[in-house]
Amino acid sequence: MASRNTSKRRFAEFLERFRSGYYSTETPDGEPGTGASENDSSGSSESDGKLSPERKQKRRGYLRQYIRELWPHWRMVLMLLVLALIVAGLDLIQPLFLRHIIDNVLLVEAATDWKLAQLHTIAFIFLAVVVVGQLLGIWRSWSQRLLNVRVILTLRRALFERMLRLPLDKLSEMKTGGIIARLTDDINTTTGLLQMAVISPGVAIIRLLIAMVILFVINWKLALTALAVIPPIMLISFIAIRRIRPVYRAIRKDVADVDGRVGEAFQGVRAVRVFSGEHREEQEYTIGHHTITRMQMYARKREIILWSSWGFLMALISVVIIWAGGYWFIRGQATIGDISAFQIYAFMLLNPVWQIVESLSELQRSMAAMERVFEIINSPADKPDRAGAINVEPIVNEIKFDNVWFSYNEKDYVIQDFNLTVPGGSIVALVGRSGAGKTTITDLVARFYDPTRGQILLNERDLRDYRLNSYRELLGVVQQEVFLFDGSVRDNIAYSNRGATIDDVIHAAKRAHAHEFIVNLPDGYDSIIGERGVKLSGGQRQRLSIARALLADPQILILDEATSNLDTESEQLIQQSMTELLKDRTTFIIAHRLSTITHADLIIVMDSGEIVEQGTHDQLMSREGLYTEMVRRQFDGVNIF
Ligand SMILES: Nc1ncnc2c1ncn2[C@@H]1O[C@H](COP(=O)(O)OP(=O)(O)OP(=O)(O)O)[C@@H](O)[C@H]1O
Ligand SMILES: [Mg+2]
């Protein structure tokens with residue numbers, strides 16, 4: 001890392017990557033270098049713009065899908081195109097008025113009255129054309145916006161809907177940043193595709209063609225001279241877009257990285273302080289922004305050079321038109337009106353040229369964004385129901401693990417040959433050292449994951465044969481890591497049951513022994529608890545979470561270290577109310593503090609994903625095995641209750 005400790009070095013690294021074309025290609029997985037690591041292989045391995053046949057085919061599929069998405073709006077798309085053409089036409093005939101007035105009114109020998117009359121008429125029509133053109137232009141922009149927001153809304157909704165249901169591993173792979181980026185930037189860029197790929201270049205080409213035809217009809221010699229400057233202009237636009245845009249893209253990404261770290265630093269500000277990380281964070285931030293400044297200056301420098309040459313060319317066109325036009329005027333082959341009209345047309349040509357070049361380059365970016373969006377929309381939701389899946393009846397007679405194997409990565413099995421029968425209504429405690437696989441077992445019960453091999457049966461039917469939604473209604477889960485929303489206490493408890501009345505909420509809170517502390521909060525049940533519940537203590541968060549699970553009145557209750565942050569007294573209080581509570585439920589309890597599970601109907605001692613012992617507390621104690629050892633260590637050792 002030492003080698004990266006100056007902005008100069010980092011800038012040099014950036015230059016190297018930039019020159020190798022690293023930033024000029026779009027990958028389907030995001031902006032280049034999304035991997036956040038230096039030796040990122042995913043971004044650079046995509047060779048410049050050359051797509052593999054499969055990806056091309058995929059892209060075509062997505063494009064068809066996008067067009068289908070647009071299909072309900074085809075009238076609007078058509079109208080937009082027609083409007084754009086009319087506006088372009090009205091724009092393009094404007095210089096002709098000037099030419100006509102100069103050549104056929106101002107400069108002809110005729111009576112003053114006739115000239116004035118002509119002038120007024122033509123100028124009035126001119127004015128009308130300008131006004132109508134502007135009004136239609138406003139209408140066009142408005143319709144374009146309207147279409148855009150409609151498509152954005154549809155896509156965004158579809159994407160969000162799918163993201164909420166994606167398999168957990170896929171989501172954690174995308175990370176929060178990636179999820180947000182897809183919902184915002186990618187959706188916006190995808191929607192721009194219509195404008196970029198169809199409307200803008202279409203209109204620009206037609207504009208260019210109309211303008212050229214007019215120019216050649218007016219004066220072909222002058223036209224040829226003036227058009228000679230178009231190729232260099234195209235070249236400059238092309239360079240500008242190809243060589244400067246990527247720098248800005250790289251800058252945006254770096255800014256996101258540096259500022260992302262800022263977010264982390266402040267979220268974990270305690271860790272930063274404790275480990276005296278202020279200086280390191282400060283350095284990281286300063287160097288990061290210094291590198292960004294260098295990159296910005298680099299982009300600016302190139303921009304200035306390019307824009308000055310662009311400006312030079314613009315001036316050059318004027319000179320050429322005056323010079324060549326003057327020459328042909330003197331020789332009687334051009335009129336003053338021609339020259340004036342050409343001056344204006346020359347500038348009118350620049351815009352479409354720029355737009356065509358821009359579309360070409362933006363197209364790639366929009367396509368990549370589109371791929372990212374549709375890839376998600378098309379990916380299968382987490383565990384779609386099997387054909388013929390049935391609704392579960394709300395009675396639990398038995399839950400049975402039948403030779404269950406499970407692996408997170410299809411290599412190492414964290415659960416191995418797990419067999420267990422849990423009669424309905426019983427309390428099963430899972431104990432074992434950290435990493436033994438306890439949470440994994442309950443995740444399998446909750447169907448956050450499905451067994452890799454074997455099956456879990458509920459009432460002698462594979463869990464996968466039940467509709468997931470109906471099955472989840474049986475479940476209440478209090479997880480090891482409590483998750484609360486920024487909102488009121490009441491809303492957080494009622495999250496599990498939207499229809500709950502305040503009385504239900506209070507009742508649940510009382511049973512979770514949360515009521516006492518809630519009424520002491522400044523606004524009672526309406527107190528806002530801050531992001532992720534930061535304004536509460538760990539134990540308070542756990543109690544809210546228990547209340548939430550209880551309010552759902554679940555048949556199957558999973559308590560994963562649900563009371564680990566509580567003092568022994570509160571824990572025992574909850575335990576007492578729990579015994580009452582757990583009566584008709586099937587409960588899985590995970591606890592490190594063994595004193596809290598002695599009353600369980602069945603204690604499962606796990607090690608490395610396997611059951612090593614099982615039985616009631618008394619049975620296990622008389623066996624003098626691992627459980628006894630664990631209990632002794634806790635009671636004799638540090639854990640004094
Ligand atoms: N999302 C995941 N991806 C890959 N491996 C995982 C994942 N979650 C857990 N593991 C691995 O699976 C094993 C079992 O983890 P699990 O969370 O079930 O342990 P645990 O018994 O609940 O431990 P603890 O008491 O510390 O909560 C561990 O070795 C862990 O590294
Ligand atoms: Mg765990």
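In this predicted model, pLDDT stays under 50 over residues 28-49, a stretch for which the model has 33 contacts beyond four places in sequence. Where pLDDT is low, the predicted coordinates should not be read in detail.

The chain is divided into three parts: domain 1 (1-35 + 220-333), domain 2 (59-218) and domain 3 (398-635). The centres of domain 2 and domain 3, taken over C-alpha atoms, are separated by 58 Å.

Two packed helices are described by the angle between their axes and the distance between the axes. The table gives these values for each pair.

| Helix pair | Angle between axes | Distance between axes |
|---|---|---|
| H5 (residues 112-164) and H11 (residues 336-378) | roughly 50 degrees | within 8 Å |
| H15 (residues 502-511) and H17 (residues 538-551) | about 125 degrees | 8 Å |
| H7 (residues 220-227) and H10 (residues 278-330) | roughly 155 degrees | within 10 Å |

**H5 and H11.** The axes of these helices cross at roughly 50 degrees, and H5 and H11 are therefore oblique to each other. The crossing in which H5 passes H11 is left-handed. On the H5 side the contact is made by Leu 155, Ala 158, Leu 159, Arg 162 and Met 163, and on the H11 side by Val 373, Ile 376 and Ile 377. Sorted by type, the residues of the contact of H5 with H11 are 7 nonpolar, no polar and 1 charged.

**H15 and H17.** With an angle of about 125 degrees, H15 and H17 are therefore oblique to each other. H15 and H17 cross in a right-handed way. H15 contributes Asp 504, Val 505, Ala 508, Ala 509 and Arg 511 to the contact, while H17 contributes Ala 547, Leu 550 and Leu 551. The residues of this contact divide into 6 nonpolar, no polar and 2 charged.

**H7 and H10.** How do these two helices lie relative to each other? The angle is roughly 155 degrees, and H7 and H10 are therefore roughly antiparallel to each other. Their crossing is right-handed. From H7, the residues Lys 221, Leu 222, Thr 225 and Ala 226 meet Ile 317, Val 320, Ile 321, Ala 324, Gly 325 and Trp 328 of H10. In the contact of H7 with H10 there are 7 nonpolar residues, 2 polar and 1 charged.

Technical notes: Residues numbered from 1 in each chain as written. Chains lettered and ligands numbered in written order. Predicted model: local features only at pLDDT ≥ 70, side-chain atom pairs only at ≥ 80, totals over all residues. Axes fitted to C-alpha atoms, helices over the stretch in contact; angles between N-to-C directions. Helix = DSSP H or I, 4+ residues; strand = E, 2+ residues; numbered from the N terminus. Parallel < 35°, antiparallel > 145°, perpendicular 65-115°, else oblique. Left-handed = near helix turned anticlockwise from the far one by under 90°. Contact = placed C-beta atoms within 7 Å. Nonpolar A, V, L, I, M, F, W, Y, C, P; charged D, E, K, R; others polar. pLDDT = per-residue confidence, 0-100. Domains from an automatic or database assignment.
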